[in-house]
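Keep the sequence and the model side by side while reading.

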Amino acid sequence: MINDKNSQKIVDIIQNWSRKHSIWVLAYGTGCGAIEIPPTMTSRYDAERLGVRGAATPRQADVLLITGYLTTKTLKRVIRVYEQMQDPKYVIGFGSCTINGGMYYDSYNTIKVLDKYLPVDVYINGCMPRPEAVLAGFGKLQQLIAEGKANGATKYKENLEWYRGNQKKIIPNWVMPEYNW
Amino acid sequence: MESIWYKILGAIITVIVAFIVGLTYMGLSRKITARIQNRKGPPFYQNFIDALKLASKTSAIHHGFMQHIGPAFMMITSIMSVLVVPVLTGDQWFSNLNFKGDLIFLLYIMVFGPLGMALGAGQTGNPNSAIGVTRGLSQMVGFEIPWVMALVALMMQYKTASIVDLINIQQEQGVWLMFSSPFAFIAAVLAMLGMFRYSPFDIVGAPTELASGPVSENGGKYLFTLMSSNSIFAFAKLTLYVDLFLGGASNIVELLIKTFAIYLIPMLYGTVSPRYRTEQAIKYFWGWPLFFGFLALLYAAIF
Ligand code: SF4
C-alpha cells in the first residue's frame with residue numbers, strides 16, 4: 001500500500017504543493033544584483049505573501065540565489081554552501097552575469113556560465129532584474145516545483161563527475177569535504 | 001480509576017490542540033507583523049505549509065549524538081509542560097495530569113529543554129550556535145529571576161504550589177490574581193517578554209546577526225521538531241499565564257480569547273522594538289522586572 005505507485009503520486013503532489021508555497025531563500029549576495037533583494041522582500045513587493053522567506057543558513061534553505069557575477073574565489077564558497085543544503089534544493093541564477101558573463105564576459109577572475117558549475121533551475125535575466133522580474137522568477141520556480149520538474153539537484157548528483165571536473169579547473173587547490181548528500 | 005483514562009486521553013488531545021493552536025498563533029503573528037509593516041503578509045496557515053515542507057525534507061546532517069537528540073529534548077520539555085498545565089478548568093477531560101506542587105515542577109522543566117538544546121548546539125561546532133547558546137543562557141538568567149520571584153510570591157501568598165488550587169482560589173474569591181496580586185502579574189508579564197524571544201529579546205535567534213543561532217545547523221526534520229515544540233511550548237506558557245492570572249478558562253473559546261490576548265503583549269511589543277544587545281537585555285530584566293518581583297514578594301509577605 002505504502003509503496004504503491006498511486007499513493008506515492010498523491011504524496012508527491014502534497015509535498016510538491018507544500019514546497020511550492022514555502023520557499024526559503026538563501027540569498028548569496030555575490031554581485032551587484034543583490035541590491036534588488038531587499039525591495040523584493042520588504043513592503044513594496046512583499047515576497048513573503050508568496051511564501052518566499054529568507055533563510056539564515058544553508059541547512060535551512062531550499063533555494064540558493066546566486067545574485068550576479070561569481071568570482072573564482074567565491075565559487076568555492078558557493079559550492080560548499082550548495083553542498084550543505086538539504087534536498088530538495090534549487091538554484092536560481094540571478095542577472096545576466098550568471099547566464100553568459102554579462103558585462104564581465106571578458107573578465108579574468110569571474111566565471112561566465114554558472115550552469116557549468118552548479119545546476120541552475122531558473123534564470124532571471126536582466127542587469128539587474130527588477131523586483132517584478134524576481135517575483136516572476138519565483139513564480140516560474142513554483143510552477144516547475146509543482147510539476148516536479150525542478151530537479152537540478154538530481155542532475156547534480158548524476159553528473160557529479162562532470163561538475164567536479166569543471167569546478168576543479170577553476171579551483172586549483174581543492175581541499176573540500178566529500179559531498180555526501 | 002475511570003478518571004485517569006479520561007485524563008490521559010485528554011492529555012493526548014491537548015498536545016495535538018497545542019500544536020495546532022501554537023502554529024496558528026505564530027502564523028497570525030506573522031500576518032499581524034506584516035500588516036504593521038504595511039505589507040500583505042503570508043496567509044495565517046503559512047506555518048503549517050512550512051512545517052509540512054520541513055518534515056518532507058531530507059536531513060543528512062551528522063555532527064554527533066547530542067546534535068540528534070537536542071531537538072528531542074526541546075520536544076520532551078514542551079510536551080511535559082503542556083501535560084501538567086490544566087487547560088480547561090473543572091473539565092474531567094482537560095484538567096490534565098497535574099498534581100500538588102506542579103508549579104515547582106514547571107519551574108524546573110521549563111529550563112530543561114533549552115539546556116538540552118544547548119548541548120546539542122554545542123556539538124555542531126558552528127560558532128554561531130555557540131554564541132547563540134551563551135546568549136540564550138545569559139538571557140535565561142535574566143528573565144528567570146523575576147519569573148521565579150513572581151511564582152514564589154504567588155505560592156507564599158496563597159500557601160499552595162498547585163495550579164488547580166490557584167484557579168480554585170480565583171473562582172472562590174471572584175477576583176483574578178492579576179488584580180489581587182498585581183505586582184506578581186507585572187513581573188511575570190515582563191519576564192514573558194524574554195521567554196517568548198520576540199524582538200527586542202530575539203538575541204538568541206537573531207537571523208541577520210547570528211544566522212539563527214543554536215538552530216543554525218538544524219535543517220529539515222530537526223527544524224520541524226523545533227518548530228512544533230516551540231508552538232506547543234508557546235501554548236503551554238500562554239495557558240499557564242491564563243490559569244495563574246486570568247482565572248483559567250472553562251471552555252475552548254474563552255481559552256483562545258484569553259491566550260491570544262496574552263500573546264499579543266510580547267508580539268506587539270516586538271513589532272515596534274529593535275533588537276537589544278545581550279547586556280542591554282539582561283540589564284532590562286534586572287531593572288524593572290526585578291523591582292516588581294521584589295514588590296510582589298513584599299506584598300505577599302505582608303498580606
Ligand atoms: S548582471 Fe548586471 S547587476 Fe547583475 S551582477 Fe552582473 S553586472 Fe551586476
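Asp202(B) and Arg275(B) form a salt bridge, with their closest N and O atoms 3.2 Å apart; the term stands for a side-chain nitrogen of Lys or Arg within 4 Å of a carboxyl oxygen of Asp or Glu. Asp202(B) sits in the loop between helix H8 (182-196) and helix H9 (207-210) of chain B, and Arg275(B) in the loop between helix H11 (252-271) and helix H12 (278-285) of chain B, so the pair ties together parts that are 73 residues apart in sequence. Helices here are DSSP runs (H or I, at least four residues), numbered from the N terminus. Asp202(B) is buried at 16% relative accessibility, while Arg275(B) is partly exposed at 29%. Buried means under 20% relative accessible area, exposed over 50%, and partly exposed in between (1.4 Å probe, protein chains only).

The model is predicted: local features need pLDDT of at least 70, side-chain atom pairs count only at pLDDT 80 or more, and totals for chains, interfaces and linings use all residues. Residues are numbered from 1 along each chain as its sequence is written, chains are lettered from A and ligands numbered from 1 in the order in which they are written, and side-chain values use heavy atoms, leaving out hydrogens and water.

Within helix H11 of chain B, Lys258(B) and Glu254(B) lie four residues apart, about one turn of the helix. They form a salt bridge at 3.0 Å between the closest N and O atoms. Lys258(B) is buried at 9%, and Glu254(B) is partly exposed at 25%.

A network of salt bridges links Asp46(A), Glu48(A), Arg30(B), Arg39(B) and Asp50(B). Over all chains, the count comes to 16 salt bridges.

Notes
Helix = DSSP H or I, 4+ residues; strand = E, 2+ residues; numbered from the N terminus.
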